[in-house]
Amino acid sequence: MKVALTGATGNMGKEALVELVKLEKVEKVKILILPDDKKRKKEIIKRCGKNKTKVEVVYGNMKEIEACRKLVEDVAYVINLAAVIPPKSDKHPQWAVDCNETGVKNLIQAIEELENQPKFIHTSTLALYGNRNHIHPWARVGDPLLVSPYDVYSATKLRGEFAVLESNIKNWAVLRQSAMLHTNMLKDNMSDGLMFHTCFNAPLEWVTAHDSGVLIANIIKKDSEKHLGAKFWKQCFNIGSTSANQITGYDTLNDGFKLIGGSAKDFFKPYFNATRNFHGVWFYDGKRLNDLFDYVSQDVTDYWQQIGKIYWYYKFGKIVPKRLISRLAIQRLFKDDNSPAYWYKHKDEARLIAYFGSKENYEKLPKKWCCFNLMVENKAPDSSEVNYAKLKDIKNAKMIDLGYNFNKKDGEISKEDLLSVAKMHGGKLLTKDFKTGDLYTKLKWETQDKEQFEATAFSVLRAGHWFNSTYKDYVWDFDRLCKKDKIFAQAWYDSHSENENNVYSMDENFNAQIRTNK
């Protein structure tokens, strides 16, 4: 049996490759490598040890259909782990388009052209859920997808996922990846202003790259032994972890700085980081995937212990004054064009509004931690009290009303459910005939703007897709849409005022723009 793998040089991909070549039934793993990635090719193949002979390299780029055709021919499974993620997607947005959107559509076309189609596993992202905070920190597959303004990565991943769901591939599965812990994370985050996008109060669910790789191998192993059927194929999952890995942005920074004998408060100030427009959630249904494939073996404590061993020299940071480390290692990134300090200095009003609500809100951020509300200290951003322990307890999860009984079995979904969801979105179901339980026939829908689109009941009800401008343009018009869309509004108004009336957009060169709706 042959398996095709994209993204083998990435953090999740190289772990998946190591696990895949261990499988007895896998004879070859075909990996797609960019022609100029030969150095990294040697590194990842070396990691496969005695199984390195199972690796077959195909040189090419996913934006080229012929490369995709060559990759998917004569294989049983195609696993798409390739993605251009932040900060690369911020610096090189066209790369994100080429990989996350065009590349995915090319893979789909290449598979659809084959008489004997391989099964397709596509990794998506939690970033589709957009910004969450203490009001709705929990999300499930089916929740509204409100990708954050100016996040080209999320927008392209949204379009790529929708293309998979609406494809003619017979057997596909979509896996929405959580935040990922990998050995290069500290190095990557210390080279760009991206670290300042992480909201201190953002709910984050972490899974390690190792466990993600094990998941992919376990899927192939289990399905090749016995076809998994409808409990996995043509389904969408969140790649969840355990309660120990459900923390906040502040917790994450705090855990990292313990390596050098400090805390987040020693090296960061409250005004360093964004207060909204991030992406992070705790997965209400994350256990569903782990129950099937038993892949979670590491928690955040395990990860930081591993980092401490790999980067053993970090411990010498304990003898360096903390203010000096903050100034030389962190505040130097204020000059990076991906940081809020840079936006403020260069009067980038569009991003200041997107990430803080206004320039004035940014200016008013406290300079001292004693004046800043942290969820981990039982204070919500709006100054209300919040019990962090209870908030983290899944039994107390406050879920978004999706317009129908989400707990219904697939075979029980009725036309009334579809009509209700469409009405909640401010739109309509145009298709007259619907057979109860038929989730995969394409239906016609109409948005509140009278735009028509086609999507299956699965895509809309079970996966949370509802057409809007972000699906075709780099336009985020949620301030206006939420005035009529009751599903979108529940998530959007957690961090936006109902009085806001902004349209966020990007021009053909991916420059941020903003205007006020009339």
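Begin by selecting Tyr-129, Gly-130, Asn-131, Leu-146, Ser-148, Pro-149, Asn-277, Ala-491, Trp-492, Ser-495 and His-496, the residues that line the largest cavity. Keep in mind that the model is predicted. The space in this largest cavity comes to about 70 Å³. How many charged residues are in its lining? There are none: the lining of the largest cavity has five nonpolar and six polar residues.

How many cavities of 30 Å³ or more does a search of the whole structure find? The search finds two, which leaves one more to visit.

For the second largest cavity, select Gly-142, Asp-143, Pro-144, Leu-402, Tyr-404, Val-421, His-425, Val-460, Leu-461, Gly-464 and Ile-487. About 60 Å³ of space lies inside the second largest cavity. Colour the selection by class: seven of the lining residues are nonpolar, three are polar and one is charged.

The last stop is a pocket. Select Thr-275, Arg-276, Phe-356, Pro-381 and Asp-382, the lining residues that lie nearest the centre of the second largest pocket. They belong to a lining of 28 residues. The second largest pocket holds about 600 Å³ of space. How does its lining divide by class? In the second largest pocket, 12 lining residues are nonpolar, 10 are polar and six are charged. Among the charged ones are Arg-276 and Asp-382, because Arg and Asp count as charged.

Note on methods: Residues are numbered from 1 along each chain as its sequence is written. This is a predicted model: local features need pLDDT of at least 70, side-chain atom pairs count only at pLDDT 80 or more; totals for chains, interfaces and linings use all residues. Side-chain values use heavy atoms; hydrogens and water are left out. On a 1 Å grid over the protein atoms alone, a cavity is a set of points where a 1.4 Å probe fits but cannot get out, and a pocket is an open set with protein on both sides within 12 Å along at least five of seven lines; lining residues have an atom within 4 Å of a point. Grid points are joined across faces, edges and corners, and a volume is the space filled by probe spheres set on the points.
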